[in-house]
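User: I would like to learn how to read the features of a protein model. Please take me through one.

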Amino acid sequence: MVKRLFLIMIVIFCILGGCYSCAGSEGREETFILCEGLDVETTGFIIDSGQPGPVVYIVGGIHGNEPAGIAAASAFSEYALKKGRVIVLPRANIEAVKAGERSVYWLGDLNRAFPGKERGLEVQELAYEIFTHIADQKPDIVLDLHESRQRDPMKNYALGNSIIFSHPEALEPVMDSVDFLNRHRGNLTPFVYQIDSIPGTLNQSVTEILDIPVITLETDVEAAFESRVKDQKSFLDFMISEWCSFFPSD
Ligand SMILES: [Zn+2]
């Protein structure tokens, strides 16, 4: 009974006193624009608690046919932070998002174009602006939201329900988030973790060039949409809370 009461108190503390609170608290929000004036112009927002704490950069919509990550990133504005700062780019490849496709034919795959080029093809310029914005914001971690076909070890494009990283500092939060997402999963496919090894991805470029850990979440695009959005939101909630715990407020 005492143990149960203790658990209830922890849950109440996490809801009321954790890193999040419902919108309307002291969090400040501002917007930013990348690739202004180009077809690929896209906007993001920054939620700044005004308090010291972790800086987290969330990217959704690098691929336009992976809507659960876009929905979860967009919904992040429903929260305000108690400490730290969160930068959210929910529709990184806006043309692909509008088309509902991985990308559009004239642009090419954004997730093979990093770190991009200041002057080059439009996809390279978009990659460059995202990469440069991440460098300028100096996040402690980048969360990169994707979806993929149901996981199949024989097919390297089928990564559903994987959490992918390549920076050694990401190992612990990745293992913890896999454990967290796999609790109470019932018949749903469990998450596993994998190492990113594809050149040109946001994950590998930011990890190798900027030395910033990136964690890529791939939910299973063949599962129900609501369930995938729930996984994406749970991942974000867990990661923000986990990182907050490394940065106690003074
Ligand atoms: Zn993707």
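Analyst: What follows goes from the overall fold to single residues. This is a predicted model: local features need pLDDT of at least 70, side-chain atom pairs count only at pLDDT 80 or more, and totals for chains, interfaces and linings use all residues. Residues are numbered from 1 along each chain as its sequence is written.

User: How many helices and strands are there in the protein?

Analyst: Helices (H or I, at least four residues) and strands (E, at least two) are DSSP runs, numbered from the N terminus. The protein has seven helices and ten strands.

User: What percentage of the residues count as buried?

Analyst: A residue is buried if 20 or more other C-beta atoms lie within 10 Å of its own, exposed if 12 or fewer, and partly exposed in between; C-beta atoms are placed from the backbone. Of the 250 residues here, 44% count as buried.

User: How do I read contacts along the sequence?

Analyst: Two residues are in contact if their C-beta atoms, placed from the backbone, lie within 7 Å. Take contacts between residues at least 6 apart in sequence: 70% of them join residues at least 24 apart.

User: Which residues have the most contacts inside the largest nonpolar core?

Analyst: A nonpolar core is a set of buried Ala, Val, Leu, Ile, Met, Phe, Trp, Tyr and Cys residues joined through C-beta atoms within 7 Å. The largest one has 54 residues. Ile 58, Val 59, Val 86, Ala 127, Val 142, Leu 143 and Ile 215 have the most contacts inside it. Helix α4 (residues 122–137) gives the most to this core, seven residues. Leaving out residues up to four places away in sequence, Ile 215 touches Ile 141, Leu 143, Asp 144, Ile 163, Phe 165, Ala 170, Pro 173 and Val 174.

User: Which strands pair with β8?

Analyst: Two strands pair if DSSP finds at least two bridges between them. β8 (residues 162–165) runs parallel to β9 (residues 192–195), joined by four bridges. Ile 164 has Gln 194 as its bridge partner in β9, and Phe 165 has Ile 195. With β10 (residues 214–220), β8 pairs in the antiparallel sense over three bridges. There, Leu 217 is the bridge partner of Ile 163.

User: Are the faces of β8 covered or open?

Analyst: Both are covered. Ser 162 and Ile 164 are buried on one side, Ile 163 and Phe 165 on the other. From β8 the chain passes through helix α5 (residues 171–182) to β9, a right-handed β-α-β crossover. Right-handed means that, with the strands pointing away from the viewer, the path from the first strand over the helix to the second runs clockwise.

User: Which residues of α5 are buried?

Analyst: Pro 173, Val 174, Ser 177 and Leu 181. Seen down the axis, the buried residues of α5 fall within an arc of 100°, so they line one face of the helix. The arc is that of the directions from the helix axis to the C-beta atoms. On the other side, Glu 172 and Asp 179 are exposed. Just after α5, His 184 takes a positive phi of about 55°.

User: Where else is phi positive in a residue other than glycine?

Analyst: Lys 138 has phi near 50° and lies in the loop between α4 and β7 (141–148). Lys 138 counts as exposed because it has 10 C-beta neighbours inside 10 Å. Asn 161 has phi near 60° and sits in the loop between β7 and β8. Asn 161 counts as buried because it has 24 such neighbours.

User: Which residues does a cis peptide bond join?

Analyst: Phe 114 and Pro 115, with omega about 5°. Pro 115 is in the loop between α3 (94–99) and α4.

User: Is Asn 203 buried or exposed?

Analyst: Asn 203 is buried, with 27 other C-beta atoms within 10 Å. Its place is helix α6 (residues 202–210). Asn 203 and Ser 166 are 37 residues apart in sequence, yet 7.5 Å apart in space, C-alpha to C-alpha.
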